[in-house]
Amino acid sequence: MAESTQVGIDNILSRAFYYWKKTLAYQFLSSVIYFSILLFVILFFAEKYGILDEYIRIINTYTNDREQLQEDLIKLSQTSSYLHLALIIVGVKAFLFPLQIGLLHIYRKIDLNESPTISDLFIGYSGANFFIFVGYYLFWYMLFSYGAPFVFLSVLWVLLTLFSAPLIFFMKQPLFRTIGINLKVMKVYFIPIIVCLLLSLVFRYSGALVFGVGILLTYFFSTAVVYSLYQTLFKEVRE
């Protein structure tokens, strides 16, 4: 872990932009894969369970009655079909999570002056990595969903697991130990981390303002910020 408590936010963000710009092709490919699979699954099962038709009916029926519209949409979200769809979406997101591990691996190769390849993007799906990180996401989401009604708890859980993925992937740390490591880092570098995360989220979703398709280039920017923070705040012993 870095010894100094003085961490340059501008240096962290500039480094994150460097990783992002160097890997725009991989950013785009990751986003296309992510959104294509996710939207296909949502539309397929929404139509299969009749949710899509019911949603369109409600929208068309209560266009001018917002109160009734909201009430019927809430009822729709409480049906068993909708809950099944929600579980399927969580499963798909867990399946797609290893793409972020691939991006972390590519950033590391850039640090090592190595040339990344397309296969590097899918390293999270190789061997035990797939089961480790799919399992990690499912566990992460389960606790996140329990804390979702309380904003503070969900934000706390995000912070306590912010560096868990790179710690597991690069340093082979067990999940529960990474939570303790995250807590120690947060105590020392809370302000720089929060500022960097907030700015990364602004940039991440700003891509949607560029004809909507810009998000294909900015969606995974927060992964670059997390990696830049990780590289700055953690000092690994390498041969």
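This is a short tour of the model, one selection at a time.

**Whole chain**

Start with everything shown as a cartoon. The model is predicted. Its secondary structure comes to 12 helices and zero strands. Read along the sequence, the pattern is α-α-α-α-α-α-α-α-α-α-α-α. Switch to the C-alpha trace. Along its principal axes that trace spans about 65 × 35 × 35 Å. Color by burial next. Of the 239 residues in the chain, 42% are buried.

**Stop 1: helix 1 and helix 6**

Select residues 9-22 for helix 1 and residues 98-111 for helix 6. Their axes come within 10 Å and cross at roughly 105°. An angle from 65 to 115 degrees counts as roughly perpendicular, so helix 1 and helix 6 are roughly perpendicular to each other. Show side chains at the contact. Helix 1 brings Arg15, Tyr18, Tyr19 and Lys22. Helix 6 answers with Tyr107, Ile110 and Asp111. By class, this contact has four nonpolar, no polar and three charged residues.

Stay on helix 1 and pick Ser14, which lies in this helix. Ser14 counts as partly exposed because its relative accessibility is 42%. Then draw a C-alpha to C-alpha distance from Ser14 to Met171. The two are 24 Å apart in space and 157 residues apart in sequence.

**Stop 2: helix 5 and helix 7**

Select residues 80-96 for helix 5 and residues 128-147 for helix 7. The two pack at an angle of about 140°, with their axes 8 Å apart. That angle makes helix 5 oblique to helix 7. The crossing of helix 5 past helix 7 is right-handed. On helix 5, look for Val90, Lys93, Ala94 and Phe95. On helix 7, look for Phe130, Val134, Tyr137, Leu138 and Tyr141. Color this contact by class: eight residues are nonpolar, none polar and one charged.

**Stop 3: helix 7 and helix 8**

From helix 7, the contact takes Phe139, Trp140, Leu143, Phe144 and Gly147. From helix 8 come Val151, Leu153, Ser154, Trp157 and Val158. The classes here are eight nonpolar, two polar and no charged residues.

**Stop 4: the largest nonpolar core**

Hide the contact side chains and show the core. In soluble globular proteins, nonpolar side chains tend to be buried together. The largest nonpolar core in this model has 65 residues. Select Phe163, Val185, Ile193, Leu229, Leu233 and Phe234, which touch the most other members. Which helix gives the most to this core? Helix 10, residues 175-206, does, with nine residues.

Leave out residues up to four places away in sequence, and Ile193 touches Leu162, Phe163, Val185, Met186, Leu229 and Leu233.

Note on methods. Residues numbered from 1 in each chain as written. Predicted model: local features only at pLDDT ≥ 70, side-chain atom pairs only at ≥ 80, totals over all residues. Heavy atoms only, no water. Axes fitted to C-alpha atoms, helices over the stretch in contact; angles between N-to-C directions. Helix = DSSP H or I, 4+ residues; strand = E, 2+ residues; numbered from the N terminus. Parallel < 35°, antiparallel > 145°, perpendicular 65-115°, else oblique. Left-handed = near helix turned anticlockwise from the far one by under 90°. Contact = heavy atoms within 4.5 Å. Nonpolar A, V, L, I, M, F, W, Y, C, P; charged D, E, K, R; others polar. Core = buried A, V, L, I, M, F, W, Y, C linked by side-chain atoms within 4.5 Å. Buried < 20%, exposed > 50% of the residue type's maximum accessible area, 1.4 Å probe, protein only.
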